[in-house]
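Biologist: Could you walk me through a few features of this structure? I would like to learn how to read them.

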Amino acid sequence: MNIALILSGGVGSRLASDIPKQYIKVNDKPILCYCVETVSKSRSIDRIQIVADGKWQAQIREWLETADTEKKFCGFSAPGWNRQLSILNGLEDIKKYAADTDYVFIHDAARPRLSERQTADCLAAAQGHDGVIPALPMKDTLYASGDGRTITSLLDRGQIYAGQAPEAFRIGPYYEANQALLPEKIRKINGSTEPAVLAGLDIVMIPGDEDNYKITTYADLERFRRECEVGPEKKG
């Protein structure tokens, strides 16, 4: 079984919006709904768990019913102090109805351009491994600097990749990897795959999707609005 864990607990402070960015409406529906609809329609996803603050849960339920996505929805999980603790809260709830050998598919509500192809590719590649992460190669020359002012070394961009969501992990080993970082180390984690790498799990990479960007700034939001107006075909 594959369970999508949608992270919708952030406050979106960098966007300077009155409401969290994932609840801003574009084409009369909240940004959250775009990726939820994708995983709901995906044949690769069996269940959906959503991390969301309590004050938004009733509204999200209404949106799910309107979008006919409620059939796979299993419940809400509480947001944590940071993104990784939100993931751990979601894992705790998912483990109540899933097996350790099942996979959790982690995606951000603020990445509305998730495609069915990337969803399927991610979960297909995870089979036989502890996890998978989509990654993009670096296009620019990369430098290291110890003080932010002077260059100390040149990095080999051929060996450096930018990780993306969604990421998928075998639930049992990934849960243990997160538990091992409690109580303090988990607060310093920035990416979903970090606990898995630190635990020495078998994680593979697949090609990322540049269209699957995260809405972080106002410019990102405007880009998504323009794309929705033009109506480009989504991959997959």
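Predicted model: local features only at pLDDT ≥ 70, side-chain atom pairs only at ≥ 80, totals over all residues.

Biologist: Which strands pair with β4?

Modeller: Strands are DSSP runs of E with at least two residues, helices are runs of H or I with at least four, and both are numbered from the N terminus. Two strands pair if DSSP finds at least two bridges between them. Here β4 pairs in the parallel sense with strand β1 (residues 2–7) over 5 bridges, and also in the parallel sense with strand β5 (residues 73–77) over 4 bridges. L7 stands opposite V51 in β4, and I48 has F73 in β5 as its bridge partner.

Biologist: Why is β4 described as largely enclosed?

Modeller: Buried means under 20% relative accessible area, exposed over 50%, and partly exposed in between (1.4 Å probe, protein chains only). In strand β4 (residues 47–51), 4 of the 5 residues are buried, so the rest of the structure largely encloses this strand.

Biologist: How many aromatic pairs are there?

Modeller: Rings of Phe, Tyr and Trp (its six-membered ring) pair if their centres lie within 6.5 Å; planes under 30 degrees apart are stacked, over 60 edge-to-face, and the rest tilted. That rule gives 5 aromatic pairs. The pair Y23 and W56 is stacked, because the ring centres are 4.0 Å apart and the planes are at 15°. Y23 lies in the loop between β1 and β2 (25–26) and W56 in helix α2 (residues 54–66), so their pair ties together parts 33 residues apart in sequence. Both Y23 and W56 are buried. F169 and Y174 also count as stacked, because their ring centres are 4.0 Å apart with planes at 5°. F169 is buried at 0% relative accessible area, and Y174 is buried at 0% too.

Biologist: Which charged ends sit over rings?

Modeller: The test is NZ of Lys or CZ of Arg within 6 Å of the ring centre and within 35 degrees of the ring normal. The charged end of K29 sits over the ring of Y34, 4.3 Å from its centre, and that of R187 over the ring of W81, 4.5 Å from its centre.

Biologist: Where is L154, and is it buried or exposed?

Modeller: L154 is found in strand β9 (residues 153–155), and at 58% relative accessibility L154 counts as exposed.

Methods:
Residues numbered from 1 in each chain as written. Heavy atoms only, no water.
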